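Hi,

Here is the structure for you to look over. My notes come after it.

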Amino acid sequence: MSNIVVRRLLIDLDTPPERHWCGGDAFRTAWFNALSMSFPSGEQFFIDSVRAGVQTLPEAERQRFEPAIKGFIGQEATHRRVHALFNAHLSTQGLVNRLEARALRRIQSLEGADVRAAVGATAATEHLTAIMAEHLLSDDAALQGAPARWRTLWLWHASEETEHRATAFDLYRALGGNELWRLRLFHLVTWHFVCDALRQTVNNLWHDGSFWRWRTWAEGWRFLFGQRGIVRALSGPWRRYRRADFHPSQQDASHAEAWLRAHARMWQAVSPAAPA
């Protein structure tokens, strides 16, 4: 298992973002804001899932997983904290986080279920975040025009998602999770992820006052379905998860590694036990 470094992000999180901080593009801004709104509750779910899952392993297996789990939890806890600060700024702009309540209801529905269900759902979501991370790191179109500090936030997050992309997947396998449920959970998670992100994006545009502008939807079409749009870019990587021989380590990590090396001044390594 690869070494997972927990990093403190060294950017200004106190100054609020502009209303359309992503290059003046209302749709891209609303989309990234929607993703950010999903992270605090989502990251906590991932933390709780792997923590509960690893505790059910035999002692020898638990010790083998312990460094990766600590690093995973440390990184996810830091993401949760940073995006909570970012989301607080969005709230002052009048945006309303409807996504979180829906996500929390689904999380509560898993209480008492086999721990492999939560770990499998975590592994599936980690694949979605890892392939989006790969796209952000390899193509600057999505964050074009964003201020340097917000580009740093998203690309730091993307790099760490790439770094710990295999942790929940390996844990699911170690827990005896089968292929049938791995794929069922993946399709279910994909459905909820896409629906939640789009619904919250529309909600953000409504509260932002950009919903009725023709330009907003032209921007949205290009972002989603254009030549460099995320649907085209992610469809192939999404399908990789469905292969019987899939493993997250098959994903190229070179862009994430290069970004972390080139921007080492923007973060500080900390102990996994003290992520924030």
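Below are notes on some helices and one leucine.

This is a predicted model: local features need pLDDT of at least 70, side-chain atom pairs count only at pLDDT 80 or more, and totals for chains, interfaces and linings use all residues. Numbering starts from 1 along each chain as its sequence is written, and side-chain values use heavy atoms, without hydrogens or water.

Helices are DSSP runs (H or I, at least four residues), numbered from the N terminus.

First, the α1/α2 pair. The axes of α1 (26–55) and α2 (residues 59–92) come within 8 Å and cross at roughly 155°. Axes here are lines fitted to C-alpha atoms over the stretch in contact, with angles from 0 to 180 degrees between N-to-C directions. The two helices are therefore roughly antiparallel (over 145 degrees). Their crossing is left-handed (near helix turned anticlockwise from the far one by less than a right angle). By class, the contact holds 15 nonpolar, seven polar and five charged residues.

Next, α3 (residues 99–109). Its buried residues (under 20% relative accessible area, 1.4 Å probe, protein chains only) are Leu-99, Arg-102 and Ala-103. Seen down the axis of α3, they fall within an arc of 95°, so they line one face. The arc is taken from the directions from helix axis to C-beta atoms. Their cover includes α1 and α7 (179–208).

Last, Leu-183, which sits in α7. Leu-183 is partly exposed, at 24% relative accessible area (the class between 20% and 50%). Beyond neighbours within four places in sequence, Leu-183 contacts Tyr-241 and Arg-242 (heavy atoms within 4.5 Å). Leu-183 and Arg-199 lie 16 residues apart in sequence and 24 Å apart in space, C-alpha to C-alpha.

Best wishes

Methods
Angles under 35 degrees count as roughly parallel, over 145 as roughly antiparallel, 65 to 115 as roughly perpendicular and the rest as oblique. Ala, Val, Leu, Ile, Met, Phe, Trp, Tyr, Cys and Pro count as nonpolar, Asp, Glu, Lys and Arg as charged, and the others, Gly among them, as polar.
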